[in-house]
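Start with the structure below.

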Amino acid sequence: MADLRGILSFFWSSLSTLLADRLDFKSKKKRRGIYSSKMLWIMRFSGFFSAATVMIILSPSLQSFPPAEAIRSSHLDSYLRLPLDPVSTLPHSSKSRFSFRKATGFRNADECGSTDYKITGVCDPSLVHVAITLDVDYLRGSIAAVHSILKHSLCPENIFFHFLVSEPSLETLVRSTIPQLKFKVYYFDPEIVRNLISSSVRQALEQPLNYARNYLADLLEPCVRRVIYLDSDLVVVDDISKLWSTNLGSRTIGAPEYCHANFTKYFTGGFWSVHRFWGTFRGRKPCYFNTGVMVIDLMKWRRIGYTKQIERWMEIQKHHRIYELGSLPPFLLVFAGRVSPIEHRWNQHGLGGDNVKGSCRDLHPGPVSLLHWSGSGKPWLRLDSNRPCPLDSLWAPYDLHEHSR
């Protein structure tokens, strides 16, 4: 810490000298207006730098994640604990967004085996691994999703959650809301994808954390061989272990496929007019699938290097504009036609309407194990505005927000 203060002191001293020389304070040729303006600029910069200095010296969470590390997990024997309470640092008007009531306890059923058995850690082979992002704007949805999974699981204590975050302090809030939860926090540096992201039809689709799913094989411990990835705008109304036991065969990912969908609409005319682009589907029968619910074989993903393949298509998109829908099309380009199909009951998607208006929609025909509000309409926003869609009432029982009763 002393070295850090010394470096900052030296940097500030050098910067002050440089600015003084640059502006030539003693020069009588400077007009008073210009002199005052530049002095004000220096004072503002000084205040900004002082605030930044205090943050760097006093914030352990900033020091925990060095900027040189684009992607890292907590990689601790115990769960990551941060001393800062994210709620206490918020303005009073914003705290209500982060007020959650504590969930009731969840216990394994007798069918789960001996209650004396203790899970030894994230590498325990009996665990069901679930990955979800934690984002300030979608935190309410993420907590509702976790709550629904625990409520319907036969063996809730065997579920291990991997939370992908760009704001590590959210962990404290989750732990206080569901104290018995088994989870680990993984920091995802937005800079790793910032230069790869292109504009989309909806600004929410451009958030860097949407792309964290591309890096699960790097973020999670090597001993985690398989994971279920879930979006934050859904609830599970069935035992998630059924989804976990999906047989992927020779495939790397499993997801509900929708082969009746017009697959061509997910790419621009520029894509379909260039053979080296659309030729990637040669020999495949590509079908649309929603990336908000996937079972992923991380061992195969790591071995084949799918992250690099997805990044390559994102780089092509930056130069040729071959799609409009954020993080979905690169997955389609790499995996469509190579997906192990899962029953549609595990992703009743589109309940949030389209990506612009977010109009109300009905369920697809057939049984339901997972309800997914993909699209621009989110149930918590519609409920709070007293303009809910009929199906939003199916999400409400899992909402733990303090003001949702």
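This is a predicted model: local features need pLDDT of at least 70, side-chain atom pairs count only at pLDDT 80 or more; totals for chains, interfaces and linings use all residues.

At 9% relative accessibility, Cys-287 counts as buried; buried means under 20% relative accessible area, exposed over 50%, and partly exposed in between (1.4 Å probe, protein chains only). Residues are numbered from 1 along each chain as its sequence is written, and side-chain values use heavy atoms, with hydrogens and water left out.

A search of the whole structure finds 4 disulfides, a disulfide being a pair of cysteine sulfur atoms within 2.5 Å. Counting bonded cysteines along the chain, the pattern is 1-3, 2-4, 5-6, 7-8. The table lists sulfur distances for pairs among them.

| Pair | S-S distance |
|---|---|
| Cys-112 and Cys-155 | 1.8 Å |
| Cys-123 and Cys-223 | 2.0 Å |
| Cys-259 and Cys-287 | 1.9 Å |

The S-S torsion of Cys-259 and Cys-287 is about 100°, so this disulfide is right-handed. Cys-259 sits in the loop between β8 (257–258) and α9 (269–272), and Cys-287 in the loop between α10 (275–278) and β9 (288–289), so the pair ties together parts 28 residues apart in sequence. Helices (H or I, at least four residues) and strands (E, at least two) are DSSP runs, numbered from the N terminus.

The link of Cys-112 and Cys-155 is left-handed, with -100° about the S-S bond. The torsion for Cys-123 and Cys-223 is about -80°, so that disulfide is left-handed. Cys-123 is partly exposed at 46%. Cys-223 is partly exposed at 31%.
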